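Open the structure in your viewer and keep the sequence beside it.

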Amino acid sequence: MGGRKTKTIRIGVIVAAIIVPLLVIGGNVSAESYINIYEDSTTYAKIGSSTPAPGKIYMVSDITIENHGYDEVETNPYRFKVSIDHVEYDHSSATYFYLEDIGKAALDSVTLRDGGKISGSLIYEVPKGTNKYGFRYDAYDWEDFDVRYL
């Protein structure tokens with residue numbers, strides 16, 4: 001199964017340790033096949049005219065996925081989860097209504113062919129004051145890829 005990436009990012013005065021395991025579906029594999037994942041997150045108290053639920057903040061996760069050598073790699077925003085204090089959160093419906101207000105677009109559900117690349121963002125509503133965020137992609141048990149987090 002894929003790997004994990006731990007990184008610390010500074011979000012204003014909040015420092016978040018992010019663990020991002022990501023596995024994807026693929027086909028034929030060459031000796032040099034790998035998936036590159038780039039991820040960065042920023043928090044917002046408000047996006048456009050939208051405010052999160054009381055006691056929450058918006059966390060916008062910017063994600064880029066590159067397929068190098070696999071026949072295909074499936075991506076789907078509904079499989080990305082954020083874990084905070086042993087609680088998993090799905091991305092918020094705000095993803096599809098308010099990203100344009102900050103100049104971003106939602107991550108699409110696509111099939112990346114060899115050489116394919118996709119970028120997009122997801123919005124999560126997370127508790128205020130949380131400083132550790134874990135990202136997880138719900139992968140199937142049979143998925144085993146060389147995933148590189150950059």
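The stops below go from the overall view to the details.

This is a predicted model, in which local features need pLDDT of at least 70, side-chain atom pairs count only at pLDDT 80 or more, and totals for chains, interfaces and linings use all residues. Residues are numbered from 1 along each chain as its sequence is written, and side-chain values use heavy atoms, leaving out hydrogens and water.

**Whole chain.** Colour by secondary structure: the protein chain has one helix and eleven strands. Helices (H or I, at least four residues) and strands (E, at least two) are DSSP runs, numbered from the N terminus. Along the sequence the pattern reads β-β-β-β-β-β-β-α-β-β-β-β. Of the 150 residues, 44% are buried, meaning under 20% relative accessible area with a 1.4 Å probe, protein chains only.

**Strand 3.** Select residues 34-44 and then residues 56-68, which are strand 4; eleven bridges join the two strands, and they run antiparallel. Two strands pair if DSSP finds at least two bridges between them. Within this pair, Ile37 stands opposite Ile65. Next select residues 147-149, strand 11, which runs parallel to strand 3 and is joined to it by three bridges. Here Asn36 stands opposite Arg148.

**Glu39.** Stay in strand 3 and select Glu39. Is Glu39 buried or exposed? Glu39 is buried, at 6% relative accessible area. Show the side chain of Glu39: it makes a polar contact with the side chain of Ser41 at 2.7 Å. Another polar contact links the side chains of Glu39 and Ser61 at 2.9 Å. A polar contact is a pair of N or O atoms within 3.5 Å; within protein, one must be able to donate a hydrogen and the other to accept it, and residues adjacent in sequence count only if both atoms are side-chain atoms.

Key: Buried means under 20% relative accessible area, exposed over 50%, partly exposed in between (1.4 Å probe, protein chains only).
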